[in-house]
Amino acid sequence: MSALVLAGGQSRRLGRDKAQLQIGRESILDRTIRVLRRLTTDVLAVGRKAEGQYATFTRFLPDERPDAGPLGGLYTGLRNARGANVVAVACDLPYLDIDALHYLLGLIPGYDAVIPVVGGREQPLHAVYIRTVTPTIERRLDEHELQLSGLLRELHVRFVREEELVEAHVSLQSFVNVNTLEEWHLIERDAD
């Protein structure tokens, strides 16, 4: 299996690069890579190369389809992954949890993707995909259909409801992401 972190977003709502936000002594990107390296040695980061602690142990790739948003990053990661199953996460998950990822990986057999639904929202960037969905993504990119939700409607997806995650003792904190400075300040306060 492989793991992919999308680290190339514009961070418009936050106003600065999410990947370089600090949690204690490490960046949020470094923390994400550290968690993913507990799953596999094949960790890819799509986006701008970082100077963090784990930068030399990770394959950093530029978007092969610039300006295509997260779908373009997912495409680049899946095309370059070595494993058949790929854990794909955004770089803005400060509480990313290894047990949550293991649980989702265990559900992938027989599906194209495993997508959690937390707080009533699909989480396509805290998910597992099989690498063979790459041609479907490429076609959508060629057609300028960039929404991840549209991709999910074309795949055989195992949606994992919040109730199932709770029943399986998966920490819902793993799905918390950072979009605004206010959200970030709350996370910083919790880290102290």
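## Terms and basis of the model

A residue is called buried when its relative accessible area is under 20%, exposed when that area is over 50%, and partly exposed in between (1.4 Å probe, protein chains only). By this scale Glu154 is partly exposed, with a relative accessible area of 38%.

The model is predicted, local features need pLDDT of at least 70, side-chain atom pairs count only at pLDDT 80 or more, and totals for chains, interfaces and linings use all residues. Residues are numbered from 1 along each chain as its sequence is written, and side-chain values use heavy atoms, with hydrogens and water left out.

## The buried side of helix 4

Helices (H or I, at least four residues) and strands (E, at least two) are DSSP runs, numbered from the N terminus. In helix 4, the buried residues are Thr134, Ile137, Arg140 and Leu141. They lie on the same side of helix 4, because they cover an arc of only 125° around the axis; the arc is that of the directions from the helix axis to the C-beta atoms. Helix 2 and helix 5 (148-154) are among the elements that cover these residues, where contact means heavy atoms within 4.5 Å.

## Salt bridges

A salt bridge is a side-chain nitrogen of Lys or Arg within 4 Å of a carboxyl oxygen of Asp or Glu; the whole structure holds 10 of them. In one of these, Asp142 pairs with Arg65, with the closest N and O atoms 2.7 Å apart. Asp142 belongs to helix 4 and Arg65 to the loop between strand 5 (59-61) and helix 2, 77 residues apart.

Arg140 forms a salt bridge with Glu154, the closest N and O atoms being 2.6 Å apart. Since Arg140 lies in helix 4 and Glu154 in helix 5, the pair ties together parts that are 14 residues apart in sequence. Arg140 is buried, at 7% relative accessibility.
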